[in-house]
Structure formats: C-alpha cells, structure tokens
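Please examine the sequence and the structure shown below before reading on.

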Amino acid sequence: MSLDTGTEALARLAEERVDHRFKGLPPDAEGLTVGELAAQRRNLFTDGFATPVLALSAERLEHNLALMESYTERHGLAFAPHGKTSMAPQLFHRQTGRGAWGITLAVPHQVRVARAFGTRRVFLANELVDAPALRWIAAELERDADFRFVCYVDSVRGVELMDAALRGTARPVDVVVELAAGEGARTGVRTEAECAAVADAVAGTETLRLVGVAGYEGEVPEADPDRVRAYLRRLVALAVGFDQAGRFMGLTEIVVSAGGSAWFDAVADVFAGIPELSAPVLKLLRSGAYVSHDDGRYRDVTPFNRVPEEGALEPAFRLWTQVVSRPSPEQAFTNAGKRDAAYDLDLPVAQVIRRAGTERPATGVSVTGLSDQHAWLRTGPGADLEVGDWVGLGLSHPCTSFDKWQLIPVAEADGTVVDYIRTFF
C-alpha cells in the first residue's frame with residue numbers, strides 16, 4: 001500500500017453518503033456526503049443531531065495526541081499506539097503524523113484495515129497462526145518493500161504453524177518472543193528456558209526472523225510499581241541474554257516492546273536503562289487508550305496521576321442522551337443503553353444537563369444501570385431533571401466506546417462539529 005493510495009483512501013471517507021447506518025446524525029443530512037456535512041459546521045445541540053449521539057471533543061483529542069507525542073519524545077521511546085482502541089484510520093493518520101513509529105493491532109482484520117489506509121508499520125501484539133492471514137501478510141510484504149510487520153511468537157507449536165503457512169514466501173516475517181507477565185497471566189512464554197526454545201525454533205526456519213522481545217506489563221498479577229518494574233527488568237534481561245547468545249546477529253535494529261495505558265511510566269523508567277546491544281534498540285511503547293482517554297477506568301489508572309509534572313490526559317468522549325421518562329422523583333430514564341455506551345468496566349457517569357441552550361452540572365443524578373436502549377438514573381432530592389433534557393454522560397473504557405459507533409462527530413467546545421471519525425470494527 002503506497003502512501004498516496006492510503007491518502008486517497010482517507011480522502012474517500014469524506015465521499016461516503018450519510019444515511020441510516022450512522023446513529024445520531026441529523027435525519028435531514030440523508031444523502032449528503034460526510035465531507036459536505038462537515039463543511040456545514042453544524043452545531044451538535046441546535047442543528048438536527050438526534051439523541052443518543054456520541055461526540056469527541058476536538059480540543060481534548062488534539063491535546064491528548066500532542067501530550068503523548070511529547071512524552072514519548074522526552075523519554076526516548078518509539079510509539080506504536082494500539083489501534084484496536086479506535087479502529088479509526090483517520091486517528092491512525094493523526095497519530096503517525098504526531099511522530100508515532102506505526103500502529104499496534106491485535107488480529108488480521110485490523111491489519112487489513114490499517115493497510116487499506118496506508119499504514120506502513122504494524123506491530124501485531126498477538127501470535128498469528130491463521131494460515132490464510134499469514135499468506136496475506138506475506139503477499140503484502142512482497143508487494144510493498146516499505147511495509148514493516150512484526151508479531152509475537154509464544155510457542156514452538158506456533159512457530160511450526162507459521163513456518164508451514166509461510167513456506168515459499170519471499171520475505172521472512174519478523175517476530176518477537178512474548179514473555180508472559182507471570183503465572184496465570186494472559187499469553188506469552190512462562191520461563192526463560194521456554195523463551196530460548198521458541199527462539200531456537202524461529203532460528204530453524206527460513207520464513208521467520210527473530211528481531212526482539214516483547215510483553216504486556218498490564219497482565220502482571222497483583223500489579224503494583226515494584227512488581228511491574230520487576231517484570232519489565234526481566235523482559236530487558238531476556239533481550240540482553242538473547243543478544244549475548246548471538247540470536248540477533250545481523251540485525252540493524254533490536255525491538256524491545258511493552259506498554260499498555262496504565263504503566264507506561266514504568267516502561268519509560270526501565271527502558272531508559274537498556275544497555276547498549278549489538279544493534280540500536282527500538283524501545284517501542286504501545287499505549288492506545290490515551291487518544292480519547294475516559295472518565296472511568298483510565299482516568300483512575302493513568303500514569304499521569306503518579307507523575308503529574310509530565311502533564312495530564314483529558315477525557316474526550318461525551319455521550320449525549322435525552323430524558324424520555326421521569327416516573328418518580330427518585331428515578332428517570334434516558335434513551336441510551338448498552339447499544340450505545342461502554343459498560344464492561346464501569347457504568348457511565350452523568351456529568352451535565354442541557355435545557356434550552358443552558359448547560360449545568362448533573363447534580364444529584366447518577367446512572368445505576370443500563371438496559372439495551374435505556375439508562376437508569378437515580379435522582380436525589382432537588383435534582384432538576386425533566387423529560388426532554390439532554391444528559392451528557394462520561395464513559396469508561398475507550399475500546400468499548402468506539403466500537404458502538406461507526407461515524408463519530410468531532411465537536412468544538414461550543415458544539416460546532418468540525419469533522420467525523422469513521423470506525424471499522
């Protein structure tokens with residue numbers, strides 16, 4: 001996929017017609033292209049948008065992109081933010097435009113989306129043993145000399161399956177051994193001896209090339225700063241041991257990768273101490289939730305809480321929903337539920353109420369549950385809430401917020417919608 005082709009694919013997103021597929025958009029925009037609708041700069045609150053509607057803050061989105069760009073530069077980290085968070089090629093483009101090395105992904109479908117929109121570097125944070133997908137990756141590598149692809153290996157059996165699928169291909173697939181974060185953690189090789197066996201299996205093929213090591217510190221059991229740093233030091237020691245054993249011979253770059261959205265400060269600290277190896281080290285951070293941040297889980301666990309002098313991410317999502325029932329002084333219902341709002345980690349939080357163009361805090365209002373298409377609200381004494389009011393909800397967990405919306409308005413602080421983000425889940 002050439003850069004020009006990727007740019008053209010992004011431009012074609014603006015040519016897509018607005019219709020029934022896209023929740024929350026103005027009904028009278030039917031038939032307009034997305035670009036035409038964006039050019040109208042409609043107001044989210046007064047120009048026909050229907051509830052429920054999810055919006056991204058233009059200012060906060062830009063703030064978060066800039067903050068992580070400066071953070072990774074300051075700490076000498078390459079950055080491949082996890083694209084599964086948004087699955088939005090427009091955001092991938094903005095992230096790489098902000099200095100990201102590439103995009104991390106999890107499954108072959110996501111790689112196909114990224115490639116369709118010109119992403120040149122992909123880190124697949126998963127072992128890939130699906131033969132058709134591997135053959136497609138191999139064809140992409142052969143077709144595009146500028147395409148860089150790296151994925152996990154975490155078993156000898158996995159290496160054997162990959163090798164069988166890739167025999168006869170032109171370019172070897174670059175792989176990193178995934179070190180598990182501990183017993184009972186998710187994927188990854190449990191012991192250093194097993195890591196060596198997997199590395200030996202890779203060396204015994206012509207279809208794979210070992211280029212480094214990787215892991216995910218977010219899976220450390222009973223994670224705390226000491227345990228996370230101990231795991232990351234173990235990951236670094238694995239890279240050093242592999243290098244001393246000559247496993248990276250002939251490489252021009254050695255990959256050492258980690259980093260979710262809860263412990264990237266620990267990754268920065270430990271990776272700063274990686275010693276000189278036989279080739280320059282690509283210290284690759286993969287945190288992805290930063291792009292929108294949130295009002296729940298990641299607000300609570302972001303490393304910027306521990307290092308406030310480094311800055312602060314800002315929650316960029318707000319789900320606007322409307323009160324459709326007020327059956328008692330203690331209860332109300334709005335028209336957004338599990339189909340619209342993330343709920344796997346935390347329930348949404350009632351933040352603001354809009355009535356007749358005026359916005360105020362949602363004092364005394366809390367979300368107690370979600371049905372498929374309703375939010376259950378508890379209203380305390382004195383809560384001023386009426387049928388017809390708009391209630392702005394803060395959401396927890398970006399990954400399961402993006403995936404419920406195919407086209408997301410990007411709105412400035414005054415409600416002016418300046419862009420639309422297309423997702424591909």
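Among contacts in the protein chain between residues at least 6 apart in sequence, what percentage join residues at least 24 apart? The share is 70%.

## Overall form

The model described here is predicted. Its protein chain contains twelve helices and 18 strands. The radius of gyration is 23 Å, close to the 22 Å that the globule rule gives for 425 residues, so the chain is as compact as a globular protein of that length. Along the principal axes, the C-alpha atoms fill a box of roughly 70 × 45 × 35 Å.

## Interior, surface and charge

Of the 425 residues, 56% count as buried, a term that means under 20% relative accessible area. The accessible surface of the chain amounts to about 17,400 Å², and carbon and sulfur atoms account for 50% of this area.

The chain carries 44 positive and 58 negative side chains. The centres of these two sets lie 2 Å apart.

## Strand β12 and its partners

Strand β12 spans residues 349-355 and pairs with strand β16, residues 390-394, in the antiparallel sense over five bridges. Strand β12 is also joined to strand β13, residues 358-361, by four bridges, and these two strands likewise run antiparallel.

Residue V352 illustrates both pairings: its bridge partner in β16 is G392, while in β13 it stands opposite P361. The hairpin of β12 and β13 has two residues between the strands, and A356 there takes a positive phi near 55°.

Methods. Residues are numbered from 1 along each chain as its sequence is written. This is a predicted model: local features need pLDDT of at least 70, side-chain atom pairs count only at pLDDT 80 or more; totals for chains, interfaces and linings use all residues. Side-chain values use heavy atoms; hydrogens and water are left out. The radius of gyration is taken over C-alpha atoms; the globule rule is 2.2 Å times the number of residues to the power 0.38. Buried means under 20% relative accessible area, exposed over 50%, partly exposed in between (1.4 Å probe, protein chains only). Contact means heavy atoms within 4.5 Å. Accessible areas come from the Shrake-Rupley method with a 1.4 Å probe; for residues, only the protein chains shown count as cover. Lys and Arg count as positive and Asp and Glu as negative; His and the chain ends are not counted. The place of a charge is taken as NZ of Lys, CZ of Arg, CG of Asp or CD of Glu. Two strands pair if DSSP finds at least two bridges between them.
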